[in-house]
Amino acid sequence: MLVPNEPNASIVREALEGFGTGRFASQIEAKRYLDGFPDYGIQTEHGIRIQRVREMLECPAYAGYVEAPGWGIGLEEGQHEALVSFETHQRVLERLRGKTTAAFRKDTREDFPLRGIVTCACCGRAMTAAYSTGRHARYGYYFCQTTGCEQGRKSIRKERIEEDFETLLNTLRPDEALARAFHAIVADVWKAGHEVEAERHKLLKTELSQIERKSAALMECLIAAESSVLIAAYEEEVRKLQERRIAVQEKRAIKPERVIDFRLGYRTALSFIASPAKLWDSEHLALRRTVPKLLFGGRLPYHRIEGYRTADIAYPFKALQA
Ligand SMILES: [Zn+2]
């Protein structure tokens, strides 16, 4: 019997959910997250092997299911405890199918947490960053690499752009009236969410009975079919329906009242709103990069002389103020 083995179970859960939601934009980002836990899995000198990361992402056992295609055993519910939902598992698979693995390059992103997020105030494209080696030391720079841009190739010291970002973060603190408004808004959204949830539950029930009817009809066709091509086609349909049934049943199992407790959800959101700078201090790159993504939608214009241009950005605090 498989049983969750902590702390590895939590590490794997975080990796799968992070990849499923897109917080880890690629398998490489998931790998880097796992590499941050030297005691997890088999670490080579380059960390966890990317092949192993892929196997982990594809593995249905983490969603509580087993399969052995080589032995003709399709997806079946296992006896063991799941780490993530089947829905998460399917989302991970979809993302794996949809995107190719980004080419591996030496990871300098730890050193440039704002790369790809800070944009050139002049042409609007994302800036890149690199090191340049001087006589005695190497210096980090961000720069616009657009051909023909007025600010193209003009470098901005890494220290300056990142310190400016911290200064910007520190100006983002809600006062008490804003915090109250935030609470009221979250409570409203929460209530609306519950109503939507109840409606969704009803729809799932309908869908489930449709699936049952279709399955029964398909099974009859399957029994009557004589050509092997037809049989294979029916079997494929049955398999798809079975997967869909699992997903729907699982969604139904989440009762509206079991959705995260309001106070807990509110506290998490508020602690971020109250001090985004704390999250920015995290040692995990993926978490750090969440900060500009959440606050500024992941695109933050910077001008070499004037600094950050946040006037046109609708970030949460401005939305609250309004
Ligand atoms: Zn530019």
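Analyst: In this predicted model, helix H6 passes helix H7 in a left-handed crossing. On the H6 side the contact is made by residues that include His-201, Leu-204, Leu-208, Ile-211, Leu-218 and Leu-222, while on the H7 side Ile-231, Tyr-234, Val-238, Leu-241, Arg-244 and Val-248 are among them. Sorted by class, the contact of H6 with H7 has eleven nonpolar, three polar and nine charged residues. Among the charged ones are Lys-205, Glu-207 and Lys-214 of H6, together with Glu-235, Glu-237, Arg-245, Lys-251 and Arg-252 of H7.

Two packed helices are described by the angle between their axes and the distance between the axes. Here H6, which covers residues 176–224, and H7, which covers residues 228–253, pack at an angle of about 160°, and their axes are 10 Å apart. Because an angle over 145 degrees counts as roughly antiparallel, H6 is roughly antiparallel to H7.

Now the strands can be set beside this pair of helices. Strand S9, at residues 300–303, pairs in the parallel sense with strand S5, at residues 118–120, over three bridges, and within this pairing Cys-120 stands opposite Tyr-302 of S9. S9 is also joined by two bridges to strand S10, at residues 307–308, and these two strands run antiparallel, with His-303 standing opposite Gly-307 of S10. The link from S9 to S10 is a hairpin that passes through three residues. Taken together, the three strands form an open sheet in the order S5-S9-S10, and its pairing is mixed. The edge strands of this sheet are S5 and S10, each of which pairs on one side only.

Technical notes: Residues numbered from 1 in each chain as written. Predicted model: local features only at pLDDT ≥ 70, side-chain atom pairs only at ≥ 80, totals over all residues. Pairing = 2+ DSSP bridges. Helix = DSSP H or I, 4+ residues; strand = E, 2+ residues; numbered from the N terminus. Axes fitted to C-alpha atoms, helices over the stretch in contact; angles between N-to-C directions. Parallel < 35°, antiparallel > 145°, perpendicular 65-115°, else oblique. Left-handed = near helix turned anticlockwise from the far one by under 90°. Contact = placed C-beta atoms within 7 Å.
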